[in-house]
Amino acid sequence: MGSIVNSTKLEKIIEPRIAAWFGVIAPIWGFMSIGISIASSPWFSWIDNALSDLGVSNVAPIFNSGLIICGTLASLFIVTLIRIERTSRLGPVLLLLSSLSLMGIGVFSEAFGLIHFYFSLSFFISLILSSIILGIHFTLNLSTRPLGIFTLLVGIVSLISCVGWAIVRSLGVAIPETISAFLAFFLFIILSIRMYRQNVKSIAFTRFTS
């Protein structure tokens, strides 16, 4: 009986209109946490630091909890995206992996050494690959081509910024990290609005035909 109740609650949480709000709140929450952390850390340098350095400083509770909450909300949104999106599951599943990895970055700060590095690497690789795969899928459909082009750009620009940093290494890794996160911010907002509108139209159509 308890499992049935829990299953019903979960279905309500990942109902598209609710999950779409998670997709909007998640990146806003994440950026607010990062912004507050940077504003409260006068020592932070875009040239010398990584964003993860904030996770082992005096603002660690704000920064790490922000990433965990952001990753959790984003994961709930993506689970719904996987359930309703008529596309190859690979793109959305990789996007889910990036959100779970973001949670891992918050849970396992730089103090955990290689574990933190692996979660960070997983986050950026899965985010880039999912953006490219989803971008190709959306671009092939005439009705979603503008979304596809933007999604492709998210993956390509993120890849170029990360590769460029790896080659030059004259600036802090916080810069390519922020570029990728900033692009992902808009991607999640757009996908969330799209999910919400599609669900509203579906409900309206169902009521009209019933």
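Here are some questions and answers about the predicted model shown above.

Q: Which ground rules apply to the numbers here?
A: Residues are numbered from 1 along each chain as its sequence is written, and side-chain values use heavy atoms, with hydrogens and water left out. Because this is a predicted model, local features need pLDDT of at least 70 and side-chain atom pairs count only at pLDDT 80 or more, while totals for chains, interfaces and linings use all residues.

Q: How many helices and how many strands does the protein chain have?
A: Helices (H or I, at least four residues) and strands (E, at least two) are DSSP runs, numbered from the N terminus. Read from that end, the elements go α-α-α-α-α-α-α. The count is 7 helices and 0 strands.

Q: What share of the residues of the protein chain counts as buried?
A: Buried means under 20% relative accessible area, exposed over 50%, and partly exposed in between (1.4 Å probe, protein chains only). The protein chain has 210 residues. Of these, the buried share is 45%.

Q: How are helix 2 and helix 3 oriented to each other, roughly parallel or roughly antiparallel?
A: Axes are lines fitted to C-alpha atoms, for helices over the stretch in contact, and angles run from 0 to 180 degrees between N-to-C directions. Under 35 degrees counts as roughly parallel, over 145 as roughly antiparallel, 65 to 115 as roughly perpendicular, and the rest as oblique. Helix 2 (residues 16–39) packs on helix 3 at an angle of about 155°, with the axes 8 Å apart. That makes the pair roughly antiparallel.

Q: What is the handedness of the crossing of helix 3 and helix 4?
A: Helix 3 (residues 60–84) and helix 4 (residues 90–107) have axes 7 Å apart and an angle of about 160°, which makes them roughly antiparallel. A crossing is left-handed if the near helix is turned anticlockwise from the far one by less than a right angle, and right-handed if clockwise. For helix 3 and helix 4 the crossing is left-handed.

Q: Within what distance do the axes of helix 4 and helix 5 come?
A: Helix 4 passes helix 5 in a left-handed crossing. The two axes cross at roughly 155°, so helix 4 and helix 5 are roughly antiparallel. Their axes come within 8 Å.

Q: How far apart in space are S192 and I78, C-alpha to C-alpha?
A: S192 sits in helix 7 (residues 174–209) and is buried, with a relative accessible area of 1%. Along the sequence, 114 residues separate S192 and I78. In space, the C-alpha separation is 9.5 Å.
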